[in-house]
Amino acid sequence: MKSFEVNFDGLVGPTHNYAGLSEGNVASKSNANEASSPKSAALQGLAKMKALHDMGMNQGVFAPQERPDIFSLRRLGFSGTDANVLEQAYKHSPSVLSACCSASSMWTANAATVSPSADTNDGKVHFTPANLTNKFHRSLEPTTTGSLLKAVFNDDNHFNHHLHLNDNDHFGDEGAANHTRLCNEYGEKGVEIFTFGKYAFNVAMPAPKIYPARQTIEASQAVARLHGLSDDKVVYVQQNPDVIDQGVFHNDVIAVGNQNVLFYHEQAFLQTDRFINELSGKFGSEELHCIKVDSKDVSVQDAVSTYLFNTQIITLNDGTMAIIAPMHCHDNPRVKAYLDKLVTLNTPIKQVKYFDVNESMKNGGGPACLRLRVAMNEQELAAVNPNCLMNDELYGKLTGWVDKHYREQINFDDLRDPQLLIESRESLDQLTQILNIGSVYRFQKD
Ligand code: SUG
């Protein structure tokens, strides 16, 4: 049976803004309070999805969450009409208001961890939404993420949905951003690599000193247990705490894999030799390409500012691989020189395509952050909600929908505008019809 990797990209929501909410994420902090353009952000994301579809890939679309999150603001004690709630939050807790307006669910690499059916003990595709406990604005996402996943992968014969892990830093889980799966064919059993930043129950172990480690080994182990993975096909590896302290808040900022390729910076991991040995042993006898980038060629700082490793490596229909990179990689001479050389080496990667995803990059989200990978066989793909799979017609509908509903520009002061709430709800209500995902949002139920 044929098998595929489908990228589900997050649609950027109508309240996309720069609020400096993510300590440890250099771009988020340095662009705080700049004006954002929700319309450009959403169109940039859609252009990437359409381009991958045109390259022959199966491409999915994942809906944004409802923001402003009036329900969280009410839970925190703001009351009255919706307009009163927004106004009070604006006056008394502006940081809480911006957190409750963040469009951060666009980065679907943090939506969930996904294990394909070839790896799991019940032969189903498993999903665990990430609890994202480390950042308040992101901790608002997991419940709706779970509902959205069930609306897209709505067939118990093929898909197994878990509740997100307990909402506590001990089980801090950032989803696929710290999870990479290597395999031969997508439908064959693969090795799942879980990367973590710290040990929650053993503080004597290494941990970053400046910025938070968002993922614990205990969370990674829990997800592997829930998904029924075999120990001989799982590898745990700790992120180098020093690179977390240099702005590598997720492992997908410094390493990425696809099929038999692992592309990583030499400083990405702790005990790299042990890790690569274990990985090679568990991968088996097939050819594994571990492409290590040395600091002398690309510094950690260049990796963080260009997102060289937050690229997507995709397998094209002719079997070769392409890198989907942000324009920042093109515009940095050292990184561009590295990529120009990489495509000439003896690895499956033969081309690089550059995309403008600047609106997302300014909040620390590159091409790989914007997508959740789901490897599936033909039967599973046929069971996916077909309205969430990209084609020319859907692209036309979604760009028209963005043009109609999204603002050109948003500043912090706009977040208290009750009209923005009305516009956002109207647009999401229509989106649920376009994607045929049912009434997934709270405002549609209450
Ligand atoms: O969680 N930025 C996101 C970026 C997530 C990137 N995802 C991956 N690496 N997979 C984060 O730090 C910034 C929001 C703001 O500051 O307005 C933000 O949430």
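**Fold, burial and backbone geometry of a predicted chain**

Pro 68 lies in the loop between β2 (59-62) and α3 (70-75). Helices (H or I, at least four residues) and strands (E, at least two) are DSSP runs, numbered from the N terminus. A cis peptide bond joins Arg 67 to Pro 68, with omega about 0 degrees. The model is predicted: local features need pLDDT of at least 70, side-chain atom pairs count only at pLDDT 80 or more, and totals for chains, interfaces and linings use all residues. Residues are numbered from 1 along each chain as its sequence is written, and side-chain values use heavy atoms, with hydrogens and water left out.

Two further backbone features were found in loops. Most residues other than glycine have a negative phi, and most peptide bonds are trans. Asn 33 is not a glycine, yet its phi is positive, about 70 degrees. Asn 33 sits in the loop between α1 (26-30) and α2 (38-54). Its relative accessible area is 58%, so Asn 33 is exposed. The classes are buried (under 20% relative accessible area), exposed (over 50%) and partly exposed (in between), with a 1.4 Å probe and protein chains only. Gln 259 also has a positive phi, near 45 degrees, and is a residue other than glycine. Gln 259 belongs to the loop between β9 (255-258) and β10 (261-265). Gln 259 is buried, because its relative accessible area is 10%.

The chain as a whole has 18 helices and 15 strands. Its radius of gyration is 21 Å; a compact globule of 446 residues would have a value near 22 Å, so the two agree. The radius is taken over C-alpha atoms, and the globule rule is 2.2 Å times the number of residues to the power 0.38. Along the principal axes, the C-alpha atoms fill a box of roughly 65 × 45 × 45 Å. Of the 446 residues, 61% count as buried. The accessible surface comes to about 16,600 Å², and 46% of this belongs to carbon and sulfur atoms. Areas come from the Shrake-Rupley method with a 1.4 Å probe; for residues, only the protein chains shown count as cover.

Contacts (heavy atoms within 4.5 Å) were then examined by sequence separation. Among those between residues at least 6 apart in sequence, 77% join residues at least 24 apart. Tyr 395 and Lys 50 are 345 residues apart along the chain, but their C-alpha atoms are separated by 6.8 Å. Tyr 395 belongs to helix α16 (residues 392-405). With neighbours within four places in sequence left aside, Tyr 395 touches Leu 46, Ala 47, Lys 50 and Met 390. Tyr 395 is partly exposed, because its relative accessible area is 23%.

Helix α8 (residues 217-226) is mostly covered, with seven of its 10 residues buried. These are Ile 217, Glu 218, Ala 219, Ser 220, Ala 222, Val 223 and Ala 224. The buried residues of α8 pack against β3 (112-115), β4 (125-129), β7 (191-196) and β8 (234-238). Just after α8, Gly 228 takes a positive phi of about 65 degrees.

Cysteines were checked next. No disulfides (pairs of cysteine sulfur atoms within 2.5 Å) were found in the whole structure. Cys 369 has 3% relative accessibility and therefore counts as buried. Cys 388 is buried, with a relative accessible area of 0%.
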